[in-house]
Amino acid sequence: MSTVLSSMSEIRRVGGWALRGIGYPFGVAERGVRFLAWTEAAGGEAIKNLRLLEAAVEESHTAAPCEHAGDSGLGRTVHANGRHLLEIGGPAVDLVTHDARHASVGHVAVDGVFGLGLLPSLANLLTHRRLSGILFYGATESDRLPERWSRTGWLAAQTDAEGPTFVHGALEGTASRSVLARVGATIPSRLLDCAIEDIEAAVAPRPPGYMGILAVSDAHVLVRDFLEAMRSLAQHVELVDFPRRVAHALSNGVPVEAEDLEYLYDLELRTWAPTSERSRSQAGYGVY
Amino acid sequence: MLVYRKNADMRLHIRTIPSPLDKTLVAFVGRAGVKAVLERLRHPAELMTGPRLGAMKSTRLSFANILARHMVSQGWTIRKERFSCDAEGDGHGVYRIDANGHALTYIARSFRWDGIEKVGRRSDGAKRDMFGAIFVGNPSAERIAEEFATFELRDAAAMRTRSDVTGWTPANRSVRYFDHVVNSLVAGKQPDPAVLGSGTGYVLRNGGYLGSGRQGSLSVDGYPQDHPLRHPYFGDLFGLYMVRTVAADLVNGVAKARNPRAPQLAPDIARYIGVGNSSGQGMCVALQRWPEWVATWLLARELVLAYAATRRPDPSSIERLGAMLARASAYYASIELQCEDYVVPPAKLAANLAAIRPLLPGPGRPQSDTWGDLADRVAATHDMETTEQFNSLLIEVYPDFADAVAAYMPVGMWQDRDVRPEASVGDVQRLLMENYSWALRLDLRLSRTRQHFWYHSEDNGEQRRGERILDPHEEFESFIDHIGLIQHLSCVLATYNRKTPVAEVLVDRPDLFYGLARVQYLAKLPYAEIRDNLVDRDFVPAQLIRFFLSVLGMECTTPLSIRYVRGVFFQGTPLPEEIRKGAADDWRFPVQPRMIEEESAA
């Protein structure tokens with residue numbers, strides 16, 4: 001296994017075409033590659049995960065359309081029907097953004113989803129939009145997650161004047177009971193049911209791939225107290241400095257396994273048309 | 001009955017401009033003077049067409065000109081640490097640069113001539129006559145040796161660098177002019193400027209900058225905040241400036257290796273030599289992908305033009321514009337183009353500019369209230385290229401304002417390209433009506449209006465243009481069809497209730513993200529969208545290529561076909577030694593040097 005240094009720009013440039021090579025339309029690829037590059041820069045092995053999940057991605061292109069229900073008052077549900085977060089993660093964040101900006105709080109429960117390794121990039125999108133939130137997740141056995149992340153867990157993102165803060169924790173085993181207990185003590189009652197539903201869905205036996213997002217326009221409402229309470233769960237909680245990781249990657253490059261970078265370029269190659277005398281005559285060069 | 005009224009004067013009538021530009025404008029004209037300047041801004045319907053954009057000429061706001069002014073005003077130093085080559089041009093060079101207190105190192109590897117003329121196509125891959133690299137800082141000898149070893153691979157797929165390199169600068173020889181220069185020096189004389197001028201003046205041509213993250217190089221966002229190359233296109237263009245510097249050392253080195261008594265290239269000739277460049281239709285794709293860049297370039301350009309047009313002529317500005325007209329006229333009269341099929345011939349441009357000069361205010365001539373009066377008269381009586389060249393020169397008359405506005409370029413070019421999911425379908429439909437009625441009215445059902453699609457070929461990804469009914473791979477077409485995108489978006493939105501949140505539309509149709517975000521984030525940028533159909537049978541890509549090249553700073557762009565444009569960068573720009581000494585910033589439209597008589601016996 002050898003590692004090469006790539007760059008965020010390179011991943012974004014090649015990755016956009018790579019996602020089209022793997023079957024996504026232009027509009028999805030343009031958005032998905034942002035999640036892909038950011039996650040890779042943050043140390044999330046996004047390209048490797050894409051490589052290992054390629055068959056599932058291809059299968060998702062023929063899945064039934066997404067179904068969604070609910071509103072900003074009741075909260076929302078999305079049945080992703082086996083879609084990757086590359087495709088449905090952004091729209092899920094859009095739903096809670098709409099609700100948080102209109103009603104200060106948003107919640108969406110997404111099932112039938114995979115590619116949860118991109119979860120940090122969705123949390124980052126929340127903070128980019130000046131929102132804070134908690135993302136609960138339960139990954140299928142075949143899904144790929146960041147190194148050392150448990151199959152079920154949560155990721156809280158808080159936005160304030162000093163920049164975004166990201167904290168990750170587990171829900172496996174006794175952790176879920178501890179988190180549930182603290183959730184009850186810290187989360188406002190109007191959000192409590194959503195949080196409990198998320199945790200129960202995330203830890204359900206063999207979940208079909210679950211992600212719940214609770215988003216708020218004011219971090220005081222939700223995230224600060226929650227994070228404060230979670231700090232007592234030291235062994236299940238880690239502060240992850242994603243912004244520093246990404247800034248470091250921008251200045252120093254993104255280490256990627258050679259096999260993964262080659263895979264990205266190979267996907268891009270699928271979008272390049274075969275050459276021919278006619279094709280060569282369609283290039284800019286020459287008088288045609 | 002509906003009555004449609006044509007906007008008679010085709011002015012934009014916008015009341016606000018981005019805050020940084022507003023502050024700059026107020027600083028120059030006061031709050032009371034803002035309205036008059038903004039009323040001069042031209043309407044996008046007039047400006048954003050292929051023919052008009054293609055007629056635009058480089059200005060003081062063009063990136064190569066901004067970079068060169070920075071280099072001069074900040075006193076950059078470029079010191080040749082070593083350069084050596086043999087009689088065939090096989091050589092190595094190392095240059096140390098102090099860029100306003102930031103150390104850079106440039107290395108160059110020139111290869112023995114392989115007998116193949118390369119025009120710089122992407123399909124050529126790594127087969128170049130020269131490779132250079134710009135390092136941030138002062139790399140160790142081992143690191144430099146490592147990069148040189150990478151160049152030896154000459155295999156695009158295998159060549160990788162690291163984030164201490166901002167980019168590679170491949171380049172190729174122009175055989176005819178390279179040989180003319182070397183042979184002249186070997187014969188003990190200077191090259192004939194007229195011969196160089198017939199090729200618009202270069203010996204090496206750009207092979208396509210590979211930087212800004214490519215092959216593992218440094219991303220632009222990775223530069224320190226105060227770094228002089230953390231600016232759009234400065235990395236690329238400084239690399240080209242270094243290619244030009246190496247070109248002089250290379251011809252001198254080859255000549256010296258062949259004849260130890262050969263003279264060095266005279267400074268006047270060296271200054272007259274720029275870097276050749278050929279660009280294809282990939283540039284149009286970039287313009288479509290980054291409409292906020294187009295908006296920034298044009299808003300800045302139009303604002304400085306509107307400012308100049310609202311000034312009253314005075315003896316100083318009359319003299320300045322007169323001198324610029326004379327110089328530009330002489331420049332166009334001196335150059336010969338390989339092909340004049342798609343442009344106003346330089347001789348015609350030269351004559352037109354010369355004819356405008358007597359119209360400048362003066363004793364016994366009609367007086368103009370403002371420069372705008374003359375600009376309107378030029379526009380009414382001349383072709384678009386002449387008009388835009390005149391506009392470019394008029395901008396030059398007020399350099400202080402133009403330079404202040406230039407600071408906005410990197411600011412405006414960055415826009416948050418995110419969607420606003422809290423908006424409703426009705427909100428977006430209103431934006432479509434306000435900003436895209438021109439696109440919604442186009443009939444895309446006609447076969448000619450969607451005849452083409454653009455694609456990457458397996459020849460190193462070279463951008464090509466196919467026909468939908470004949471060529472394969474349409475499903476992977478490059479995004480250029482913004483009109484089709486807008487019409488499709490409009491159709492889909494028509495199936496929703498107007499109060500539906502955009503967020504819900506995106507769950508149903510994630511592929512609409514790009515179109516929705518584009519309509520939203522461009523809403524307040526008047527010059528963002530090109531009002532031409534790039535997939536139409538009759539669209540001429542060379543027009544947009546010329547526009548892009550003029551923004552970069554190419555003085556004389558020459559289409560050789562409808563999809564391929566040539567020209568020269570940095571011709572006349574001060575040499576490194578002149579920059580170090582603080583050269584004047586008035587180098588555009590260089591006068592062809594006179595033939596220098598024999599210097600030494602061969």
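How do the residues of the lining of the largest cavity divide into nonpolar, polar and charged? They come out as nine nonpolar, five polar and two charged. Keep in mind as you read on that this is a predicted model.

**Cavities**

That cavity is one of seven in the structure with 30 Å³ or more, and its volume is about 150 Å³. Its lining takes in 16 residues, and the ones closest to the centre are Gly553(B), Glu555(B), Val568(B), Phe570(B) and Gln571(B). If you'd rather think in elements, helix H4 (63-73) and strand E13 (564-569) of chain B are the ones that give two or more residues to this lining.

Next comes the second largest cavity, with about 90 Å³ of space. Its lining includes Met56(B), Lys57(B), Trp297(B), Arg301(B), Met409(B) and Phe547(B). Helix H11 (291-309) and helix H23 (541-552) of chain B each supply at least two residues here, and H23(B) has the largest share, with three residues.

| Cavity | Volume | Lining by class |
|---|---|---|
| Largest cavity | about 150 Å³ | nine nonpolar, five polar, two charged |
| Second largest cavity | about 90 Å³ | six nonpolar, three polar, two charged |

Arg301(B), one of the residues lining the second largest cavity, also has a charged partner: its side chain meets that of Glu388(B) in a salt bridge, at 3.4 Å from N to O. Arg301(B) sits in helix H11 and Glu388(B) in helix H15 (residues 384-396) of chain B, so this pair ties together parts that are 87 residues apart in sequence. Over all chains, the structure holds 66 salt bridges.

**The interface**

Now for the place where the chains meet. On the chain B side 62 residues are in contact with 56 residues of chain A. Between them the two chains bury about 4,900 Å², and 54% of that is on carbon and sulfur atoms. Which three residues supply more of the area that chain B buries against chain A than any other three? The trio is Glu422(B), Phe476(B) and Val507(B), which supply 13% of it.

Glu422(B) turns up again in a salt bridge with Arg101(A), where the closest N and O atoms are 2.8 Å apart. As for elements, the side of chain B that touches chain A gets at least two residues from each of strand E10 (452-456), strand E11 (463-467), helix H21 (502-508), helix H22 (513-521) and strand E12 (558-561). By class, the residues on that side divide into 18 nonpolar, 20 polar and 24 charged.

Methods
Residues numbered from 1 in each chain as written. Chains lettered and ligands numbered in written order. Predicted model: local features only at pLDDT ≥ 70, side-chain atom pairs only at ≥ 80, totals over all residues. Heavy atoms only, no water. Contact = heavy atoms within 4.5 Å. Buried area = accessible area lost by both parts, 1.4 Å probe. Salt bridge = Lys/Arg side-chain N within 4 Å of Asp/Glu carboxyl O. Helix = DSSP H or I, 4+ residues; strand = E, 2+ residues; numbered from the N terminus. Nonpolar A, V, L, I, M, F, W, Y, C, P; charged D, E, K, R; others polar. 1 Å grid on protein atoms, 1.4 Å probe; cavity = no way out; pocket = protein on both sides within 12 Å on 5 of 7 lines; lining within 4 Å. Points joined across faces, edges and corners; volume = space filled by probe spheres on them.
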